[in-house]
Amino acid sequence: MSTLNIIIPHYNRVELCIECLESIYQEADNDKIKVIVVDDNSTDDTIELEKYLINHNGIFVKNRFKKGAGGARNTGIQEIDNRLAYVMFVDSDDNLLKGWYDSIQFETTKNSDAEVIYFKNDTNRMFHNKLLDKYYLKQSNKNECLELLFRVTVPWGKLFKTNLILENKIKFDEVSKAEDVNFSVQALITV
């Protein structure tokens with residue numbers, strides 16, 4: 001059975017974040033996942049979010065000052081459990097589809113030696129899907145893999161081995177845009 005750290009950066013989206021958490025917890029047992037919500041110093045009331053996490057054995061961490069999505073993810077990385085095999089990044093306005101945990105179980109069993117496992121995002125609103133359709137499962141060499149990584153640098157839709165992140169001290173840039181590009185590049189070049 002795969003075990004999984006799930007890091008969710010949050011800022012002023014309590015209702016959406018609770019919907020996200022519901023989509024996570026309805027599919028996975030609390031003892032197989034560790035959900036870490038990092039509040040990036042929201043201005044709204046996060047009490048309901050904190051209560052929800054306490055009731056589901058999740059962790060709520062609040063940044064003292066706003067760091068952006070990259071900084072919030074870095075705070076979450078500091079909280080991951082190194083006994084759990086994988087790390088997944090989810091945005092607070094995401095909803096995971098039914099069967100998501102079974103899919104992860106299947107892929108991590110089938111690809112147990114992979115340091116990073118890519119999943120196809122299931123939405124037609126994001127340009128990333130067109131790129132994934134073009135490149136998904138079609139990489140025949142390392143250059144094509146690099147091209148995929150550089151084009152699809154978002155942190156969601158990927159599983160990372162926990163040890164890959166911790167041992168290589170891979171972090172997100174704490175900038176307002178494209179904070180995930182360097183993280184993805186670091187993950188690929190350390191594999």
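Analyst: Starting with Glu 48: at 48% relative accessible area, Glu 48 is partly exposed. Keep in mind this is a predicted model.

User: Okay, which side chain does Glu 48 meet in a salt bridge?

Analyst: That's Lys 51, with 3.8 Å from N to O. Lys 51 is partly exposed too, with a relative accessible area of 44%.

User: How far apart are Lys 51 and Glu 48 in helix 2?

Analyst: Three residues, so about one helical turn lies between them in helix 2 (residues 47–55).

User: How many salt bridges does the count come to?

Analyst: Seven. Among them, Asp 91 meets Arg 73 at 2.8 Å, N to O. That pair links distant parts of the chain, 18 residues apart: Arg 73 sits in helix 3 (residues 68–77), and Asp 91 in the loop between strand 4 and helix 4 (100–110).

User: Is Arg 73 buried or exposed?

Analyst: Buried, at 2% relative accessibility. Asp 91 also counts as buried, at 16%.

User: And what about Arg 83, what does it form a salt bridge with?

Analyst: Asp 81, where the closest N and O atoms are 2.8 Å apart. Arg 83 is exposed at 69%, whereas Asp 81 is buried at 15%.

User: Switching to strand 4. Which strand does strand 4 pair with in the antiparallel sense?

Analyst: Strand 6 (residues 158–161), over three bridges. Val 87 stands opposite Phe 160 there. Strand 1 (residues 4–10) runs parallel to strand 4, joined by four bridges, and Ile 7 has Phe 89 as its bridge partner.

User: Which way do the strand 4 side chains point?

Analyst: Tyr 86 and Met 88 go one way, Val 87 and Phe 89 the other, and all are buried.

Definitions and conventions: Residues are numbered from 1 along each chain as its sequence is written. This is a predicted model: local features need pLDDT of at least 70, side-chain atom pairs count only at pLDDT 80 or more; totals for chains, interfaces and linings use all residues. Side-chain values use heavy atoms; hydrogens and water are left out. Buried means under 20% relative accessible area, exposed over 50%, partly exposed in between (1.4 Å probe, protein chains only). Helices (H or I, at least four residues) and strands (E, at least two) are DSSP runs, numbered from the N terminus. Two strands pair if DSSP finds at least two bridges between them. A salt bridge is a side-chain nitrogen of Lys or Arg within 4 Å of a carboxyl oxygen of Asp or Glu.
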